[in-house]
Structures are given as structure tokens and as C-alpha cells.
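Dear colleague,

Please find the structure below, followed by a short account of what was found in it.

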Amino acid sequence: MSGVYVYAVTRSDHPLRLDGLRTVGGRDDPPRVVVHGPLAAVVSPAPPGLRPKRRDLAAHQELQERLMADGSVLPMRFGLVAPDDTAVRTALEEHGQDYARRLGELHGTAEFNLKAARDQDDLLREVLGASEEARRLNQCTRDGTGSHEDRLALGELVARQVDARQRRQAEEIVGRLSGLARSSVLADPANDDFLNVSFLVERARAEEFTTAGRRMAHDYGDAYDFRLRGPLPPYSFAA
């Protein structure tokens, strides 16, 4: 065997409805439980040459969602492999207090991830409308009377204004939704996004949070692109 694939850590008295679930790697071995004291890890034999194939990602998430439906879980990210059961029990022993604390913090919660982008032409129009200097430099660039230094100055001015405005908007958005969440964590935005934030939300408030996110997207208008995903396993808060 090439190791033990670890899906999640939970309490040993957590309902473990594992029947009928697929495992990563598609082996016939069903998922099983490694117990140490009050904690348990749900595992299966690790497949050789593990890769993030769609079916394996789906099996990983399906098992975690089954566990989360019955209570608090520390979901492991895809691809976590331990050498054997002894290594799993050792981890449960060494990190037992921390795992128990985090299980308490995550009880009854789910993660919602929000990414936001803004139409760049709309943002540029806003910057030019608010800055007389930016308008002057832009006009010089457009009519050919500006120098190379003017073009550099325009680029630097617009970049500063765009960054400042997007930072303020990100703070406003997070502030607007934070009252419905236990906590939030920021990640680096990618591509054209100016915001990538995850919220830890009580499952009892999931519908309320989703409704608030949709209402906010409506309020900001079509120039903004909001992508709200959830409820998800609380990966961003489990570490």
C-alpha cells in the first residue's frame, strides 16, 4: 500500500455514515476510521500516482459533505497522504487539543467564498471623472500633445487611483457581509479580481447570507462581477 489518504478529522462520537461512498482512487476498499481518544480521522488506502482527477475530487468532496451534514469536521485538502495508520494516530495525539478547539469553532458552520471584479472601462471613467489632473493628462495623450513623461504620469496616476478605489470597495463589501459571519479571511485576488474573501457562516444563516450577497450584487450594478460560492467545507478556516 502506498499510504493512507486522509479526508477529515472529527470527534470519535461523530456520526460516521460512510456506507456507499466512493473513495479517492476508485478502489474497492471502503472508507474507514482511525481513532485516537476523542478524535477520529476518516481515511482510505491512498492510490499510487495520485492526481486531481475529476472523479477523485468529487469523491473527496462528497465524503466530506456527508460528514459535515452531521456535525463539525476539519476537512483536509485534496491530496493529503500519511505513511500509515500509526502516523495518523500520532498526528491525532500530538495535535489533539488544537483539533478539538478548531472543531468547536467550526461547529455548525460552512464557508462562503466571494470573488469580485469590476469593468475596467467603467472604473477608468470614474477615475477620470474625479481627477482633473488625470483628465488633463488623458487629453494630452489622446490628442498627441503630451510627452512621454505625461503618458508615464497618467499611467501612474490611474494605477494609484484604481488601487485606492478597489481597496475601499473591497473594505466596504467585506464590511457589509461581515455582520452575518463569524469571521472572514482574505486571499490574494487573481486575474482581474480585486477581492477574494472567504466567510465562516453559521449554517442556520446560510440562506440569509446568500440573500445578502445577491442583494449587494444588485446594489453595486452591472459594472461589477460578483461570484459567491457556498456553502462549502470550511477549508480556509480549518488550518
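Accessible areas come from the Shrake-Rupley method with a 1.4 Å probe, and for residues only the protein chains shown count as cover. On that basis the chain has an accessible surface of about 13,200 Å², with 47% of it belonging to carbon and sulfur atoms.

This is a predicted model, in which local features need pLDDT of at least 70 and side-chain atom pairs pLDDT 80 or more, while totals for chains, interfaces and linings use all residues. Residues are numbered from 1 along each chain as its sequence is written, and side-chain values use heavy atoms, without hydrogens and water.

Of the 239 residues, 40% are buried (under 20% relative accessible area; exposed is over 50%, partly exposed in between; 1.4 Å probe, protein chains only).

Twelve salt bridges were counted, each being a side-chain nitrogen of Lys or Arg within 4 Å of a carboxyl oxygen of Asp or Glu. One of them joins aspartate 70 to arginine 17, at 2.7 Å from N to O. Aspartate 70 is partly exposed at 29% relative accessible area, and arginine 17 is likewise partly exposed, at 40%.

Another salt bridge pairs arginine 182 with glutamate 202, whose closest N and O atoms are 3.6 Å apart. Both are partly exposed, arginine 182 at 40% and glutamate 202 at 33%.

Arginine 227 and aspartate 225 also form a salt bridge, with 3.2 Å between the closest N and O atoms. Finally, salt bridges link Asp98, Arg101, Arg102 and Glu105 in a network.

With kind regards
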